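Here are my notes for you, as numbered points. Please keep the structure open beside them as you read.

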Amino acid sequence: MKYAISGATGRFGQTAIKTLIQTVPAADIVALARNTDKAKQILPAGVDVRPGAYEDLDQLTKSLNGVDKLLFISSQPGAAMSRPDQHQNLIQAAKAAGVKFIAYTSFPHAQSSSAALASDHQFTEKAIEASGIDHSFLRNDWYLENEADVLRAGQSGQPFVYSAGNGRVGWALEHDYAQAAAKVLLLDQPKAIYELAGQPYTYAELADALATATGAKFEVLSVSDADYEAGLKQAGLDDGTAALVTSFQTLIRDGNLDVTSNDLPDILGRPLPSLVDAVKQVLGL
């Protein structure tokens with residue numbers, strides 16, 4: 001059985017490979033990477049490194065030759081080739097190469113979500129279904145690491161600012177999502193859909209966890225989207241980036257990341273760390 005991981009040099013891909021290699025011989029793991037030289041330097045010895053740029057359909061097809069199961073890590077938006085086009089290339093290549101199973105990293109409640117971030121994932125899920133390849137959709141909630149800036153601000157005594165109101169987020173650590181993705185590849189009968197999330201909390205509760213984890217004293221400010229965006233610009237973000245980051249607060253307030261599910265700890269076979277312990281990990285405490 002051959003297992004391939006796309007985007008193998010990212011943190012998610014590296015963790016997935018390190019998890020797989022505990023069960024699978026390195027020679028049976030294919031790492032698809034845009035930068036193969038980098039991949040060979042940072043990935044475990046014996047892993048089969050192959051070119052994996054999502055823009056190159058022919059090369060992807062060659063690189064997936066002999067692969068049985070693929071962990072399809074979604075690409076980053078904003079590239080010259082659109083994310084749907086990149087994803088279609090990888091799906092088409094997997095089909096042509098005879099890949100039998102795809103586990104795809106998606107978005108919470110992708111098909112029913114109104115969030116703009118969900119649209120590319122809606123497209124990709126439908127494209128995978130249309131390919132006829134067996135699959136699991138790994139609908140990952142928010143990485144707690146996404147909150148590193150506000151956590152560090154509070155840790156240093158600066159205001160903890162958010163505009164998501166009472167919106168809840170199923171935060172979990174990136175490495176827990178990545179380990180779960182690798183474990184799904186190893187299952188004989190995986191589910192078609194996994195809603196992967198930690199216990200949902202509000203930003204006010206995250207601030208409480210930060211205070212407990214660090215002992216720091218800081219002001220907690222729940223503000224409007226306009227004030228939040230203005231603060232980001234004042235901190236040096238350009239207009240486009242500030243608007244994008246603010247949109248994350250909006251989608252949280254609208255409930256798009258409020259997921260209650262035991263899928264993540266069930267796959268991992270262990271409880272998730274508490275929010276306080278997870279905050280400590282993000283801050284390196």
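1. The side chain of His-87 makes a polar contact of 2.8 Å with the side chain of Thr-124 (a polar contact is a pair of N or O atoms within 3.5 Å; within protein, one must be able to donate a hydrogen and the other to accept it, and residues adjacent in sequence count only if both atoms are side-chain atoms). The His-87 side chain also reaches the backbone nitrogen of Ser-75, at 3.0 Å. This is a predicted model, in which local features need pLDDT of at least 70 and side-chain atom pairs count only at pLDDT 80 or more, while totals for chains, interfaces and linings use all residues. Residues are numbered from 1 along each chain as its sequence is written, and side-chain values use heavy atoms, with hydrogens and water left out.

2. Is His-87 buried or exposed? With 0% relative accessibility, His-87 counts as buried (under 20% relative accessible area; exposed is over 50%, partly exposed in between, with a 1.4 Å probe and protein chains only). His-87 sits in helix α4 (helices are DSSP runs of H or I with at least four residues, strands are runs of E with at least two, numbered from the N terminus). Setting aside neighbours within four places in sequence, His-87 is in contact with Tyr-54, Phe-72, Ser-74, Ser-75, Tyr-104 and Thr-124 (contact means heavy atoms within 4.5 Å).

3. Now to the helix pair around this site. The axes of α4 (residues 83-97) and α5 come within 10 Å and cross at roughly 20° (axes are lines fitted to C-alpha atoms, for helices over the stretch in contact, with angles from 0 to 180 degrees between N-to-C directions). The two helices, α4 and α5, are therefore roughly parallel (angles under 35 degrees; over 145 is roughly antiparallel, 65 to 115 roughly perpendicular, and the rest oblique). Residues making the contact include His-87 and Ile-91 of α4, and His-121 and Thr-124 of α5.

4. His-121 belongs to helix α5 (residues 119-131). His-121 is counted as buried because its relative accessibility is 6%. Its side chain and that of Tyr-104 are joined by a polar contact of 2.7 Å. Beyond four places in sequence, the contacts of His-121 include Ser-74, Arg-83 and Gln-111.

5. The axes of α1 and α7 come within 8 Å and cross at roughly 50°, so α1 and α7 are oblique to each other. Among the residues that meet are Phe-12, Ala-16 and Leu-20 in α1, and Tyr-177, Ala-178 and Ala-181 in α7. Helix α1 is mostly covered, with eight of its 10 residues buried.

6. What about the nonpolar core? The largest one has 34 residues, and Ile-17, Leu-20, Leu-71 and Leu-138 have the most contacts inside it (a nonpolar core is a set of buried Ala, Val, Leu, Ile, Met, Phe, Trp, Tyr and Cys residues joined through side-chain atoms within 4.5 Å). Helix α7 gives the most to this core, with seven residues. Apart from it lies another core, of 31 residues, including Val-169 and Leu-257.

7. Finally, Ser-136 is found in strand β6 (residues 134-140). Ser-136 is buried, with a relative accessible area of 0%. Its contacts beyond four places in sequence include Phe-101, Tyr-104, Val-184 and Tyr-194.
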